[in-house]
Amino acid sequence: MFLEINELVKKYQSGETEFLALNHVSFEMKEGEIGVILGPSGSGKSTLMNIVGGLENATSGSVKIDGHEIASLKSKALGIYRRNFVGFIFQFYNLIPNLTIRENIEICSHLGKDPLNIDHLIEKVGLQGQEKKFPSQLSGGQQQRVAIARALVKNPKLLLCDEPTGALDYKTSKEVLELFEEINQNYRTTIMMITHNDAIQNMAHRVIKIKDGQITSNKINEKRLAAHDIEW
Ligand SMILES: Nc1ncnc2c1ncn2[C@@H]1O[C@H](COP(=O)(O)OP(=O)(O)OP(=O)(O)O)[C@@H](O)[C@H]1O
Ligand SMILES: [Mg+2]
C-alpha cells in the first residue's frame, strides 16, 4: 500500500482542556489513486493533510508512505521527505510576487531527483507566453496553474491539495481539475485533495469523509466521471 495511516491522533491543548483534531484516524491509499477528502469546516482535513505532508507532527499514530514511517521523523528528516516526495497546492496560490512565472516554477525544480522539463510543464498547464510575467499580472486561475506547475516540477510521488479550487470560478475550477486528472494519468502521481465541493468526489478513485476528527466513510468510487463531465 502506498499510503498507510494508522490510529493517527493530533491533540491540541488549550489550558485544562484537550481537543482531538484527529481522533484515531486510519485509512489507506494505493499508489496512483486520486483520493478526495470531504468534511465540514473544522473536521480535521487540513490537519490530516499537513501531517501526511510532513508539515506538522502527529501526537501519536503512524503514517507510512511507500513503507517509510514519517510520523516520528525529526524536522531535518521531515524536510528531506517533503522535498523528495511531496508537492503542495493550497487555496491561495502562495507564489513569490517578485519572481516571474518561470522563476516561481524554477526555484522548485532542483528539489526533486528527477525533475520534469520546465518548458514542457509550462505548456502542459497552459501558461506558454506568460513565463516572463509576474504573479500579480495573472488571473486567479492562471496563478493556480503556476502553483500546480511549481508543485509538479520536482515530479513528486504524492500531490497534496488543500481546497485547490476554493478561490476559482466554475470554468477555471474545471480546467484545474482536468489538469489534476491528466497529471494523475500521465505520471501516476497519487493525489489527495481536500474540497468543500461535493461534486469533485465524482472524479476520485477513493472518497474519504471525515467529521470531528474521525473517518466516517471510506469508499472506492465505482462510477468515476471524467473531470470534464462533473457538474455542480
Ligand atoms: N494550532 C492549533 N491549535 C489549536 N487548535 C487547532 C490548531 N489548528 C487547528 N486546530 C483545530 O483543529 C480542528 C481541525 O482544524 P482543521 O484546520 O484541520 O480543519 P479543516 O477540516 O481543514 O477545516 P476547514 O474546512 O475550515 O479548512 C479545528 O477545530 C481547529 O480549530
Ligand atoms: Mg482546512
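A: Helix H1 (residues 45-52) supplies three residues to the shell around ligand 1, the largest share; helices (H or I, at least four residues) and strands (E, at least two) are DSSP runs numbered from the N terminus. The model is predicted, so local features need pLDDT of at least 70 and side-chain atom pairs count only at pLDDT 80 or more, while totals for chains, interfaces and linings use all residues. Residues are numbered from 1 along each chain as its sequence is written, and chains are lettered from A and ligands numbered from 1 in the order in which they are written.

The shell itself consists of Tyr12, Ala21, Gly39, Ser41, Gly42, Ser43, Gly44, Lys45, Ser46 and Thr47; a residue is near a molecule or strand if its C-beta atom, placed from the backbone, lies within 6 Å of it. By class, two of these residues are nonpolar, seven polar and one charged (Ala, Val, Leu, Ile, Met, Phe, Trp, Tyr, Cys and Pro count as nonpolar, Asp, Glu, Lys and Arg as charged, and the others, Gly among them, as polar).

One is an open sheet of four strands in the order E2-E1-E4-E5, with antiparallel pairing (two strands pair if DSSP finds at least two bridges between them). Strand E2 (17-29) and strand E5 (68-69) each have a single partner strand, so one side of each has no neighbour in the sheet. Within the sheet, strand E1 (residues 3-14) and strand E4 (residues 60-65) run antiparallel and are joined by five bridges. Opposite asparagine 6 stands serine 62 in E4. On this sheet H1 touches E1, E2 and E4, and its direction makes about 60 degrees with that of E2; contact requires C-beta atoms, placed from the backbone, within 7 Å, and angles run from 0 to 180 degrees between N-to-C directions of lines fitted to C-alpha atoms, for helices over the stretch in contact.

Strand E3 (residues 34-38) pairs with strand E9 (residues 206-211) in the parallel sense over four bridges. Glycine 35 has arginine 206 as its bridge partner in E9.

E6 and E7 pair in the parallel sense over four bridges, and valine 86 has leucine 158 as its bridge partner in E7. Val86 and Phe88 on one side of E6, and Gly87 and Ile89 on the other, are all buried (20 or more other C-beta atoms within 10 Å of the residue's own; 12 or fewer means exposed, and in between partly exposed; C-beta atoms are placed from the backbone).

H5 (residues 140-152) is mostly covered, with 11 of its 13 residues buried. Those buried residues, among them Val146 and Ile148, pack against strand E6 (86-89), helix H3 (101-106), helix H4 (118-124), strand E7 (158-162) and helix H6 (170-187).

Terms used: Two residues are in contact if their C-beta atoms, placed from the backbone, lie within 7 Å.
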